[in-house]
Amino acid sequence: MRLYNTLTGQTDQFVPSSGNQVKMYVCGVTPYSAAHVGHALSYVVFDVLRRYLEHLGYQVHHVQNFTDVDDKIIQRAKLAGVSENELVARYIDDFYRGMDAMNIQRAHDYPRATQEVPGIIQTIQTLVEKEFAYPAGGDVYFRVTKSQGYGHLSHRTLDGMMAGARVQVDENKEHPMDFVLWKGAKPGEPSWDSPWGPGRPGWHIECTTMSLNRLGDPLDIHGGGQDLVFPHHENEIAQSQACTGRRPFARYWVHNGLLQLGEEKMSKSLGNLVTVEEALARNSADALRLYFLSSHYRGPLRYGDEGCAAAERGADRLRNALGLSDAVGAAWDCSPFQQQFFAAMDEDLNTPRAIATLFDLARAINHHHDDGLAIGEAQALLRRLGSLLGLTFQSRETGEQDHLAAKPFIDLLVATREDLRKAKQFALADHVRDGLASHGVVLEDTPQGTRWQRQTSAS
RNA sequence: GGCGACGUAGCCAAGUGGUUAAGGCAGAGGUCUGCAAAACCUCUAUCGGCGGUUCGAUUCCGCCCGUCGCCUCCA
């Protein structure tokens, strides 16, 4: 397949460094607040990338970290009156719950910064020995001026960055753009002993240590949101290549576009976020995935209720095509849809086009079903292609319990209405139908009898 | 200020140097239905503005207008 690579700025043919093994490292979250739909979007994208690579026959080794020590965690824990560990545990749980509900496959490994401290210290030590890093005032900094090609990934130069005039003056730094590898501990902060005194890892260094230790360089794919390109990924490259003395650290850099809420990016610091839990209370996971994937992964996407509702109706359309009963008629060739789908996915994961193919296939299924042809094979294809996008074709699960409890009564009402219709008591029959509809139960009369289901779109 | 991205129908969103510019949602008409629902069929865009390159540009180049992202923690 072809894949856009932030490093080269082009869409390149994807070829892993060794055979059919793919080493994929995706930057994870800092668990100090609930997982939001922007996270869901990002991890849906990498989930689809992984599913598709696996479909192509690659063996993907997927590692994703948790940055479980940083300023915000310390601050929030104090605010909540719990330990850092408790806070982190709570939000890691929340993260897993949300991602599982989105049908995102779990990574093979979820390393945590706090569990890698000896390795991180080792990495920093190597950098200090190679003079890429220097201790100052209890901290250790990375020397960006010694790093060749610094700024290459984010297409900027040190001079250009200085011109931004937003760099903060720091007495300890040799150069304003130098960044911290090790933060000396302040009173009351969690800390570890190190050759430079007690402290904790800086933000970027953990990913270098974890990816090099868990996967080894070169990584085939390094992914994350576009907001990580600078400084996080730029710094990761600088550190990692300085540490190993080899390049590239990662061969394909894949970045997803950011989700916006209203006119701005959704982010924890702006506080304008919708949590995954909230989104899933109103929409099925399929609808959200359809929504995310119906725009290209590198472009921005505006999140909103109208978009969710439209996606839910679309999901219904696909579900309906799969819900049709098969006939014993002649078969027909549905393989062109498959080819079209793969062609779209091969071209830098063009999920909008792939989804369009899914809808085309659904229409063909409905059409041929009307003509009395066999549709089982095409339905199986739709299911299979959909699963490459992580679609389950299940309706929303909320209210499942009520629905089960109410089932015998709904069945009874539906059967009664059937009798009324047979007796041509249409006014009464419609009254029953309207009454059920007002409780979110939708009836559908088919030649095989009346079907009912709970309304899938949130209301 | 520096760097980057984007501007396609009522809304969301693909795509291409040249026969009919995907798909979804919404809308209109029709078929089916006791009526609906679902489904099917049909209809709804000269691709931000101005120049340039070209036989020909929505697609390439320049400028302008507008929007967004990064440059600070962030998927």
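The contact between domain 1 and domain 2 is my subject today: in this predicted model, 31 residues of domain 1 touch 21 residues of domain 2. To place these two parts, chain A is divided into domain 1, residues 2-265, domain 2, residues 283-388, and domain 3, residues 400-454. Taken over C-alpha atoms, the centres of domain 1 and domain 2 lie 35 Å apart.

How much area do domain 1 and domain 2 bury between them? The value is about 2,400 Å², and carbon and sulfur atoms account for 61% of it.

I turn now to the polar side of this interface. Two kinds of interaction were counted. Between domain 1 and domain 2 there are 2 salt bridges. R2 forms a salt bridge with E347, and the closest N and O atoms of that pair are 3.1 Å apart. Polar contacts across the interface of domain 1 and domain 2 amount to 16 residue pairs, with both residues at pLDDT 80 or more.

Which elements of domain 1 build the side that touches domain 2? At least two residues each are supplied by strand 1 (2-5), helix 1 (37-55), strand 10 (250-256) and strand 11 (259-261). Helix 1 gives the largest share of that side, with 11 residues.

As to composition, the side of domain 1 that touches domain 2 comprises 18 nonpolar residues, 9 polar residues and 4 charged residues.

To close, I would ask colleagues to keep two items in view as they inspect the model: the 11 residues that helix 1 brings to the side of domain 1 touching domain 2, and the salt bridge that joins R2 to E347. Thank you.

Definitions and conventions: Residues numbered from 1 in each chain as written. Chains lettered and ligands numbered in written order. Predicted model: local features only at pLDDT ≥ 70, side-chain atom pairs only at ≥ 80, totals over all residues. Heavy atoms only, no water. Domains from an automatic or database assignment. Contact = heavy atoms within 4.5 Å. Buried area = accessible area lost by both parts, 1.4 Å probe. Salt bridge = Lys/Arg side-chain N within 4 Å of Asp/Glu carboxyl O. Polar contact = N/O pair within 3.5 Å; in protein donor to acceptor, adjacent residues only side chain to side chain. Helix = DSSP H or I, 4+ residues; strand = E, 2+ residues; numbered from the N terminus. Nonpolar A, V, L, I, M, F, W, Y, C, P; charged D, E, K, R; others polar.
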